[in-house]
Amino acid sequence: MELSISTPALLFSTVSLLMIAFTNRFMSMASLIRDLHVKFQKNPEDAIFKQIENLRLRMKLIQSMQIIAIFSLLLSVICMFLLFMNEEIIARWFFGIGLIGMSLALSLSAWEITISTKALEVELSDMEDIIAKPK
């Protein structure tokens with residue numbers, strides 16, 4: 001298989017879209033954390049503390065996703081430079097490692113989504129318990 005300079009360039013649009021998604025998730029969680037911080041200062045409940053711990057893990061995952069995606073993009077740039085310099089064998093290695101990095105970032109994203117979904121299910125079950133109580 002021949003690796004052309006346009007092949008690693010395909011990762012640019014992919015990484016850009018992923019970085020936008022990762023950043024949006026980060027920003028929405030930052031807002032949520034700030035709100036929870038205010039609530040916790042007013043009334044330090046255990047439930048709020050548990051939510052904050054959950055968000056701490058999710059923030060670390062998103063940070064890792066962003067760093068790995070940026071690293072993957074950097075490897076693609078190096079790959080393109082190596083192709084420009086007619087170093088196809090080395091370029092293949094950089095491109096392959098970049099693809100592995102992107103796969104890892106996507107896997108972390110799936111994990112973070114799973115954690116987020118479980119947290120939302122807990123919130124929904126609390127509301128369902130209140131609704132189900134006889135009046």
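Predicted model: local features only at pLDDT ≥ 70, side-chain atom pairs only at ≥ 80, totals over all residues.
Figure 1. Leaving aside residues up to four places away in sequence, Val15 touches Ala69, Leu73 and Met102.

**Figure 2. The largest nonpolar core.** This core has 18 residues, and those with the most contacts inside it are Val15, Met19, Phe22, Met29, Met65, Ala69 and Leu108. Helix H1 (6-42), H2 and H3 are the elements that give two or more residues to this core. The most comes from H2, with 8 residues.

**Figure 3. A second, separate core.** Seven residues form this core, among them Leu3, Leu82, Ala91 and Phe95.

Figure 4. Helix H2 (46-84) and helix H3 (88-132) are the elements that give two or more residues to the patch. Ile97 is found in helix H3. With a relative accessible area of 41%, Ile97 counts as partly exposed, because that class lies between buried, under 20%, and exposed, over 50%.

**Figure 5. The protein chain as the setting of these views.** The secondary structure comes to 3 helices and 0 strands, and the elements run α-α-α from the N terminus on. The C-alpha trace spans about 75 × 30 × 20 Å along its principal axes. The radius of gyration of the chain is 21 Å, whereas a compact globule of 135 residues would have one near 14 Å. Among contacts with a separation of 6 or more, 79% are between residues 24 or more positions apart. Buried residues make up 28% of the 135 residues. The accessible surface comes to about 9300 Å², and 69% of this surface belongs to carbon and sulfur atoms.

Technical notes. Residues numbered from 1 in each chain as written. Heavy atoms only, no water. Helix = DSSP H or I, 4+ residues; strand = E, 2+ residues; numbered from the N terminus. Buried < 20%, exposed > 50% of the residue type's maximum accessible area, 1.4 Å probe, protein only. Core = buried A, V, L, I, M, F, W, Y, C linked by side-chain atoms within 4.5 Å. Contact = heavy atoms within 4.5 Å. Rg over C-alpha atoms; globule rule 2.2 N^0.38 Å. Areas by Shrake-Rupley, 256 points an atom, 1.4 Å probe, with all protein chains shown as cover.
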